[in-house]
Each structure stands twice: as C-alpha cells, then as structure tokens.
Amino acid sequence: MSHQTTNKCSFFDIETYGDDFKYLQGFGSTFSSESLEGALPVGQNCPQKCPYGLYAEQISGTAFTAPRVRNQRTWFYRIRPSVVHYPFHPHRQKENSVRKVVSEFGSEYATPQQLRWLPTQVPKEEEIDFVDGLTTMAGAGNAAHKSGFAIHMYHANKSMNKRAFCSADGDFLIVPQSGKLHIQTECGWLSVRPKEICVVPRGIRFSVQLKECDSASGYIAELFEGHFTLPDLGPIGANGLANPRDFCYPTACYEDVDDIEYEVIQKYQGKLFCANTDHSVFDVVAWHGNYAPYKYNLTLFNTINSVSFDHIDPCIFTVITAQSNDPGVAVLDFVIFPPRHSVQENTFRPPYFHRNTMNEFMGLIEGKYEAKQTGFLPGGASLHNCMSPHGPDRDTFEKASNAELVAEKVAGGSLAFMFESTYMINPTEWAMTQAPLDKEYHQAWVPLEKHFSKDRK
Ligand SMILES: [Fe+2]
C-alpha cells in the first residue's frame with residue numbers, strides 16, 4: 001500500500017494547525033509524504049544531491065535483515081541530518097523531584113499482593129512538561145537487552161516548546177487520560193486526546209504541546225521488545241476489532257528555524273541525556289517508509305462479544321499487541337473495555353474471578369469500571385500479577401448475581417484499559433513509596449460472603 005500527499009503548514013505556530021491535521025491512513029502501510037512538491041527523490045533513496053539541497057537519512061526500526069514482513073524503516077529528507085547537535089550531557093528532571101524514569105526492573109518491590117493506586121495529580125506548585133513529568137510505575141525486563149517494557153505515568157502543565165524527546169529504549173504507546181496533546185514528530189503532527197492513543201516508535205523525535213488545556217496526564221507503555229501489530233482475527237474474519245484503515249499517520253511538515261536554543265532529550269538505558277542544537281530538529285521536508293508514529297481513536301473499536309451465554313475472555317478486546325516468539329503469547333497487549341451491549345443469558349456478566357499466568361496492569365480513562373463499584377478511579381491504576389487472584393468486588397458480585405438479565409448497555413461513559421504481558425510486572429520504588437497506594441484494596445474481596453449450602457441448588 002502506498003500513499004502520497006502534500007501538506008503545507010507554517011512554522012512554530014501551533015495555533016494555526018487546529019485539530020484537523022491531515023493524516024495518512026492504514027496500519028503498517030508504506031507511506032510517502034512531502035511538504036514541498038518534488039522533495040522526495042524519484043526511484044531511489046540516496047541521490048548524489050537530494051532535491052532542494054536536503055540531506056537523506058534513514059531510521060531503521062528493525063535490523064536490516066529482519067524478514068520483509070516485519071522490516072521497518074523510513075527515509076527522511078531533511079534540512080540537516082539529526083547528527084547535527086552538541087554533545088549529550090546528563091539531563092535531570094526537576095531538582096528534588098521524586099519522579100524518575102527507569103528501564104531495568106528488579107524484584108526489590110515484587111509482590112503477589114493485588115495492588116491499586118489512586119490517581120496522581122498534576123502538580124500545581126511547579127511547572128513541568130511531558131518529559132519532566134514522566135515517572136515510571138512498573139515494568140519488566142531490561143531496555144539494554146531489548147526485553148520487556150516499562151509503564152510510565154506522565155503529568156504536564158506546560159508545553160515542551162523548543163524541546164524534543166525520543167527514546168532509544170522503546171516505542172512509546174501514549175494513553176491520554178486528561179488533556180489534549182498536539183504532538184510534533186519528525187514525520188509531522190498528531191492531535192491526540194483522551195479516548196485516543198498514539199504510538200511513537202523508538203528513536204523518532206517528538207515534542208508534546210498542550211492544546212486547549214492547562215494540564216495533561218496519562219499512561220505510557222514503553223515497549224523495549226519488537227513493535228506493536230494488530231492481533232490476528234482468526235474465525236472473526238477479515239474485519240473487526242481495530243480496523244487497519246482507522247490508524248492515522250502524520251503528513252510531512254517542517255520547521256526551517258535557525259539561531260534558536262533547542263534541546264533534544266534522549267532516553268537511553270533508563271537515563272535521560274540532553275543535547276543542544278541551534279535549530280529546530282523538526283526539519284523533515286519529506287519522508288517515505290513504514291516506520292512512523294500513528295494515532296487511533298478508541299471509539300472506532302469494533303467490539304465483539306458473546307450473544308448467547310458466558311463472559312468472553314478479555315483478549316477479545318485487544319486493540320494492538322506485541323507478540324513474543326511463543327505463538328499467541330504477548331510481550332504486551334493493549335486491551336480496552338469499551339461501552340457495549342450485554343445480552344448473555346443465564347450468565348454472570350461481569351469479568352469472572354480468575355488467576356492468570358499473564359500479568360495485568362489496568363488504568364481507567366473515564367467513568368466507572370464495570371467490575372469495581374468504587375475505588376478504581378480515572379487516572380488510577382491496578383496491578384494483578386501472575387497467579388494473583390482477582391475479580392469483581394463484593395458489591396459487583398452481589399448485584400450481577402441477582403440482576404434481571406435483560407439486554408443492556410454496559411460500561412456506558414466508561415473506558416478502562418489493560419496492559420497485559422507474559423512477563424511478571426514489577427512496581428518501582430516510586431510506585432510503592434511515593435504514589436498513592438490504596439492500602440485497603442483487599443477489602444474489595446474480603447467481604448465476599450459464603451453462599452454455599454448443601455441444601456441449596
Ligand atoms: Fe484479570
């Protein structure tokens with residue numbers, strides 16, 4: 001699949017972009033985009049001299065020799081190559097900040113205890129942008145070995161402005177919970193708001209601007225291992241769940257801005273480094289390839305569910321997945337629990353009690369989660385690790401066990417999600433000592449009553 005577009009925009013004036021950036025559609029497609037006509041070389045990647053005096057630069061998201069079906073790379077045609085910067089030096093998030101990014105997850109705080117956190121608020125007493133407001137809650141594996149992932153929270157009350165960020169450690173799956181973001185990337189702009197997600201692949205530089213809001217917060221899964229794909233549909237057929245055409249990629253849009261103070265902050269093995277430039281690094285005039293950031297509107301998810309009896313396993317709600325080499329086993333699934341109709345007969349309809357070899361980190365974007373009447377709040381989180389039992393709380397159980405089973409809309413006004421992994425997910429020191437841990441979470445289940453009686457059927 002191939003696309004071509006021309007998109008003109010003005011420099012450094014994000015107000016002019018509005019919500020309506022032009023997008024290219026189609027998950028994983030190979031795109032071509034140029035913001036000056038004729039900026040893309042014809043028939044080759046690296047001519048002796050590129051059109052308009054641009055530099056050619058390739059970014060590879062997979063090994064050169066990865067199988068064609070998985071091979072990802074993009075060619076940029078830019079005003080300066082990305083190597084034009086002053087030396088990297090360590091970057092500290094705000095002085096005395098308790099926030100910290102981590103890319104290696106030991107077992108110091110590992111626990112089989114079910115964990116739940118109340119929302120963390122955007123600080124009012126200090127100005128923080130997306131980078132300085134990053135903090136790691138949990139994760140698995142090790143970025144240096146390209147194994148596992150990290151789960152971060154972000155909080156921001158100002159735009160990054162003349163500051164770009166990228167992670168050499170992994171792909172950023174950003175799940176906004178509050179605040180609309182305009183995300184400038186080397187491939188162009190994305191507008192992302194709550195109930196949308198975006199993925200910025202490893203190494204792609206981006207800058208997060210707050211749009212029509214004073215603050216923003218949300219969740220991030222940073223995938224150290226592989227890239228996200230769409231799940232196989234099996235007997236569902238050729239359509240359903242997240243449809244490929246609804247994934248939107250940016251169109252080329254460049255800034256030709258010199259003689260400014262600009263920062264590039266790069267996350268590398270869990271540490272932040274900063275390099276200064278005297279020009280905007282968003283100077284890509286044209287690009288082509290299949291390694292690019294994208295966004296997806298979660299309300300476009302084509303939800304599939306049981307129309308006869310029993311509760312279907314939550315994998316039916318998988319939006320995107322990163323697969324391990326073990327067939328059907330995910331390094332990381334991104335799963336949502338969207339508003340939908342519930343019609344099953346003779347069924348306990350909410351999620352069932354269970355223990356799982358997989359590990360489950362949940363967040364809530366808005367509303368009330370269907371399996372918890374109280375305590376799980378938008379911006380909060382829960383963690384149920386390998387074989388730690390969990391399920392509906394006592395009130396949900398009693399209510400659903402006695403409900404009249406008429407057709408009804410469930411999860412209306414609500415959107416919960418889950419990062420699910422085969423890897424055991426370890427919370428960080430911040431999550432266990434600084435974040436608002438709910439010490440009474442076990443009370444969701446301890447009051448469950450004994451209903452058993454030999455005389456009862
Ligand atoms: Fe679960």
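Where does His-311 lie? His-311 sits in the loop between β20 (294–297) and β21 (318–323), and UniProt lists His-311 under "active site" in an unreviewed entry. This is a predicted model, in which local features need pLDDT of at least 70, side-chain atom pairs count only at pLDDT 80 or more, and totals for chains, interfaces and linings use all residues. Residues are numbered from 1 along each chain as its sequence is written, and side-chain values use heavy atoms, with hydrogens and water left out.

**Confidence**

- Mean pLDDT (the predictor's confidence in each residue, from 0 to 100) is 92 for the chain, and 95% of its residues reach 70 or more.
- Residues 1–18 are a stretch to treat separately: pLDDT stays under 50 there, and the model has 50 contacts for them beyond four places in sequence. Contact here means heavy atoms within 4.5 Å.

**The UniProt binding site**

- UniProt, again in an unreviewed entry, puts the feature "binding site" at His-354, Glu-360 and His-390. These three span 37 residues in sequence, but no two of their C-alpha atoms are more than 11.8 Å apart, so they gather at one spot.
- A word on the record: UniProt positions are given in the numbering used here, feature names are shortened, and annotations may be inferred rather than shown by experiment.
- His-354 is in the loop between β23 (340–342) and β24 (359–366). Helices (H or I, at least four residues) and strands (E, at least two) are DSSP runs, numbered from the N terminus.
- With a relative accessible area of 21%, His-354 is partly exposed. The scale is buried under 20%, exposed over 50% and partly exposed in between (1.4 Å probe, protein chains only).
- Setting aside residues up to four places away in sequence, His-354 touches Glu-360, Ser-388, Pro-389 and His-390.
- His-390 is in the loop between β25 (381–384) and α1 (394–401), and is buried at a relative accessible area of 7%.
- Beyond its neighbours within four places in sequence, His-390 has contacts that include Tyr-352, Phe-353, His-384 and Trp-445.
- The side chains of His-390 and His-354 make a polar contact (2.8 Å), while the side chain of His-354 also reaches the backbone oxygen of Tyr-352 at 2.9 Å. A polar contact is a pair of N or O atoms within 3.5 Å; within protein, one must be able to donate a hydrogen and the other to accept it, and residues adjacent in sequence count only if both atoms are side-chain atoms.

**Cavities**

- Searching the whole structure turns up three cavities of 30 Å³ or more. A cavity is a set of points, on a 1 Å grid over the protein atoms alone, where a 1.4 Å probe fits but cannot get out; lining residues have an atom within 4 Å of a point.
- The largest cavity holds about 230 Å³ of space. Grid points are joined across faces, edges and corners, and a volume is the space filled by probe spheres set on the points.
- It has 22 lining residues, and the closest to its centre are Pro-351, His-354, Glu-360, Met-362 and Tyr-369. β24 and β25 each supply at least two residues of that lining.

**His-311 and Arg-349**

- His-311 counts as buried at 17% relative accessibility, and so does Arg-349, with a relative accessible area of 9%.
- Arg-349 belongs to the loop between β23 and β24.
- A polar atom of the His-311 side chain lies 2.8 Å from the backbone oxygen of Arg-349.
- The Arg-349 side chain has two backbone oxygens to talk about: that of Ser-342 at 3.4 Å and that of Leu-405 at 3.5 Å.
- Leaving out residues up to four places away in sequence, His-311 touches Gln-344, Thr-347, Phe-348, Arg-349, Pro-350, Pro-351 and Tyr-352.

- Most residues other than glycine have a negative phi. Leu-241 has a positive one, near 55°, and is buried at a relative accessible area of 4%.
- Asn-346 also has a positive phi, near 50°. Asn-346 lies in the loop between β23 and β24 and is exposed, with a relative accessible area of 75%.

Methods
On a 1 Å grid over the protein atoms alone, a cavity is a set of points where a 1.4 Å probe fits but cannot get out, and a pocket is an open set with protein on both sides within 12 Å along at least five of seven lines; lining residues have an atom within 4 Å of a point.
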